[in-house]
Amino acid sequence: AVIFSLQPSDLYAATEVLKTSKVKVGEKVPLDGSIKDAHGAGKAVVLLLLSNPMQCRKCDLIDELIKEAVSTRSGVAYVVKGGQDMRGAVDEETVVLKRLFGFVTMGEAWTFVIDKNGILKKIFIGEFTKDEFAATLDAKEK
C-alpha cells in the first residue's frame, strides 16, 4: 500500500488548481468587459486578478513586472482587476471576471495570458520571474 502525505500548503494548492477548472490552458476563454475590449482591438491580453488587498502577497511586485514587460510589446494589453482597494475588490466587472475565470480570492495574485485569438496560453498563480513571463509573451502562436 502506498500512503501519500499532503502538507497543508500542498492541499491548498491542489484545491486552488481544481477551482481553475472553468478555464483551461489551450482553450478559448470567456471574454467580458475590459478583456473583451482589448481582444476586440486585436491584442493579446494579460489579465491580473488580485486577491483581497489585505492578503495579497507581493501583488505590487507582480504588477510592476507585468507593466514593464507589456510596455515594450505593442500587441499586448494589460488588464488588472481586483483588490487594489476594497472598492476594486467588489467592482461589478471584477466579480464577473473572477467568476468566469474560477478565481479564488486567497492570498495570491493570478495572472492569465490570453493570446490575440482568445486562447489561454498560461496561468501563473503567485510570483514568477521576468524571464518566465517574457518567454510566455514571446512564444509563437501555433
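Predicted model: local features only at pLDDT ≥ 70, side-chain atom pairs only at ≥ 80, totals over all residues.
## Overall make-up

The protein contains six helices and four strands, and, read from the N terminus, these elements follow the order α-α-β-α-β-α-α-β-β-α. Of its 142 residues, 40% are buried.

The accessible surface of the protein amounts to about 8,500 Å², and carbon and sulfur atoms contribute 56% of that area. Among the contacts in the protein with a separation of 6 or more, 70% are between residues 24 or more positions apart.

## Helices α2 and α5

Helix α2, formed by residues 33-40, meets α5 with the two axes coming within 8 Å and crossing at roughly 80 degrees. Because angles from 65 to 115 degrees count as roughly perpendicular, α2 and α5 are described as roughly perpendicular to each other. On the α2 side the contact involves Gly33, Ser34 and Ile35, while α5 supplies Glu93, Leu97 and Phe101. Sorted by class, the residues in this contact of α2 with α5 comprise three nonpolar, two polar and one charged.

## Phe101 in α5

Phe101, one of the α5 residues in the contact with α2, lies in the helix that spans residues 92-101. Is Phe101 buried or exposed? Its relative accessibility is 0%, and Phe101 therefore counts as buried, given that the cut-off for a buried residue is under 20% relative accessible area.

## Helices α3 and α6

The second pair consists of helix α3, residues 59-71, and helix α6, residues 130-138, which pack at an angle of about 40 degrees with their axes 11 Å apart. The crossing in which α3 passes α6 is right-handed.

Which residues of α3 and α6 meet? From α3 they are Leu65, Ile66, Glu68 and Ala69, and from α6 they are Lys130, Phe133 and Leu137. Divided by class, this contact of α3 with α6 holds five nonpolar and two charged residues, with no polar residues.

Note on methods
Residues numbered from 1 in each chain as written. Heavy atoms only, no water. Axes fitted to C-alpha atoms, helices over the stretch in contact; angles between N-to-C directions. Helix = DSSP H or I, 4+ residues; strand = E, 2+ residues; numbered from the N terminus. Left-handed = near helix turned anticlockwise from the far one by under 90°. Contact = heavy atoms within 4.5 Å. Nonpolar A, V, L, I, M, F, W, Y, C, P; charged D, E, K, R; others polar. Buried < 20%, exposed > 50% of the residue type's maximum accessible area, 1.4 Å probe, protein only. Areas by Shrake-Rupley, 256 points an atom, 1.4 Å probe, with all protein chains shown as cover. Parallel < 35°, antiparallel > 145°, perpendicular 65-115°, else oblique.
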